[in-house]
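User: I would like to learn how to read the features of a model such as this one. Please give the general idea each time, then the case at hand.

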Amino acid sequence: MNRRPRLLVTAAVGATAALLLTACGGGDEKPKVNDKIAGADTGGGASASAEASATASAGRPKIELPSDLQYNFEWRKTGDKDKDAVLADGELFIKATDQAIANQDPLDPAYRFYSEGELAAATQKYVQRFVDHKARTTGTYRFYSESVTLRGDGSAALTYCEDQGKAYNKYVKTGKVDKTPVTKNSYVFYNTELKRNSDGVWVTQDMLSERASSKCQP
């Protein structure tokens with residue numbers, strides 16, 4: 001169960017699901033998508049997390065996660081309103097997916113709010129994998145090397161790296177944590193496509209991932 005790929009689409013879907021089944025910190029691919037372009041540097045600066053909190057305004061689903069699941073988003077605000085909104089909603093999609101896993105609910109409304117189309121369907125299958133194995137995620141995920149590109153048609157590309165080295169699978173019935181060693185496979189590169197909907201929310205439509213990507217190695 002290697003966790004994340006965070007959602008998936010295209011080939012990522014298969015990769016993601018596999019990932020979920022392997023071991024969280026190291027292992028093969030996970031359940032989301034997998035493919036990203038390393039972008040902006042991650043020096044000091046405010047995290048997009050604050051932006052994500054501010055974005056969770058009226059009409060948006062509440063996201064509540066287990067206290068043993070932590071995130072370290074090193075994404076920096078760009079100063080561009082639209083780019084920062086992409087980062088914020090991209091972060092919320094990640095957390096919403098983890099909420100569905102924690103709740104053991106493949107139809108949790110939060111991730112469906114922040115995704116659509118094939119990706120939403122792939123995410124449902126991804127979450128179902130955890131449910132089938134009676135497992136969820138625990139530990140700390142680090143996100144870094146983000147890059148946002150806005151397009152004239154109202155869409156955007158968001159790429160980033162994920163460090164799963166301190167994140168693991170936890171079995172809900174026994175509480176057992178499946179700790180795995182950190183390897184090159186603990187680092188995943190994501191390439192996601194988002195579109196701003198009529199409500200002004202940047203929903204993720206596609207996600208590709210690449211495990212053990214050279215773009216994300218320490």
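User: Which residue stands opposite Phe 73 in S3?

Analyst: Two strands pair if DSSP finds at least two bridges between them. In this predicted model, Phe 73 has Phe 143 of S3 opposite. The two strands involved are S2 (residues 69-73) and S3, paired in the parallel sense over 5 bridges. The strand and helix names are DSSP runs, numbered from the N terminus: H or I of at least four residues for helices, E of at least two for strands.

User: What should I know about the numbering and the limits of the model?

Analyst: Residues are numbered from 1 along each chain as its sequence is written, and side-chain values use heavy atoms, with hydrogens and water left out. Because the model is predicted, local features need pLDDT of at least 70 and side-chain atom pairs count only at pLDDT 80 or more, while totals for chains, interfaces and linings use all residues.

User: In which sense do S3 and S4 pair, and over how many bridges?

Analyst: S3 (residues 135-150) pairs with S4 in the antiparallel sense, over 13 bridges. Tyr 144 has Cys 161 of S4 as its bridge partner, and Val 148 is partnered by Leu 158 of S4. The two strands form a hairpin with 4 residues between them, and Gly 154 in the turn has a positive phi of about 85°.

User: Which other strands pair with S4?

Analyst: One of them is S6 (residues 187-196), antiparallel to S4 over 9 bridges. Cys 161, the partner of Tyr 144, stands opposite Phe 189 in S6. Another is S5 (residues 177-178), which runs antiparallel to S4 and is joined to S4 by 2 bridges. There, Asn 169 stands opposite Asp 178. The S4 and S5 hairpin has 5 residues between its strands, and Gly 175 takes a positive phi near 80°.

User: Is S4 mostly covered or mostly open?

Analyst: In a regular strand the side chains alternate between the two faces of the sheet. Buried means under 20% relative accessible area, exposed over 50%, and partly exposed in between, with a 1.4 Å probe and protein chains only. S4 (residues 155-171) is mostly covered, with 14 of its 17 residues buried. For the chain of 218 residues, 50% count as buried.

User: Which residues other than glycine have a positive phi?

Analyst: Among them are Gln 104, with a phi of about 55°, and Ser 145, with a phi near 50°. Gln 104 is found in the loop between H3 and H4 (109-113), and its relative accessibility of 22% makes it partly exposed. Ser 145 belongs to strand S3 and is buried, at a relative accessible area of 15%.

User: How do the axes of H3 and H5 cross?

Analyst: Axes are lines fitted to C-alpha atoms, for helices over the stretch in contact, and angles run from 0 to 180 degrees between N-to-C directions. Here H3 (residues 81-103) and H5 (residues 117-132) have axes that come within 9 Å and cross at roughly 40°. That makes H3 oblique to H5: angles under 35 degrees count as roughly parallel, over 145 as roughly antiparallel, 65 to 115 as roughly perpendicular, and the rest as oblique. The crossing is right-handed, the term for a near helix turned clockwise from the far one by less than a right angle, with anticlockwise being left-handed.

User: Which residues of H3 and H5 make the contact?

Analyst: Contact means heavy atoms within 4.5 Å. H3 contributes Phe 93, Thr 97, Ala 100 and Ile 101, and H5 contributes Leu 119, Thr 123, Tyr 126, Val 127 and Phe 130. By class there are 7 nonpolar, 2 polar and no charged residues. Ala, Val, Leu, Ile, Met, Phe, Trp, Tyr, Cys and Pro count as nonpolar, Asp, Glu, Lys and Arg as charged, and the others, Gly among them, as polar.

User: Where is Ala 120, and what does it touch?

Analyst: Ala 120 lies in helix H5 and is buried, with a relative accessible area of 16%. Leaving out residues up to four places away in sequence, Ala 120 touches Tyr 111 and Ser 115. The C-alpha atoms of Ala 120 and Val 203 are separated by 9.9 Å, although these residues are 83 residues apart along the chain.
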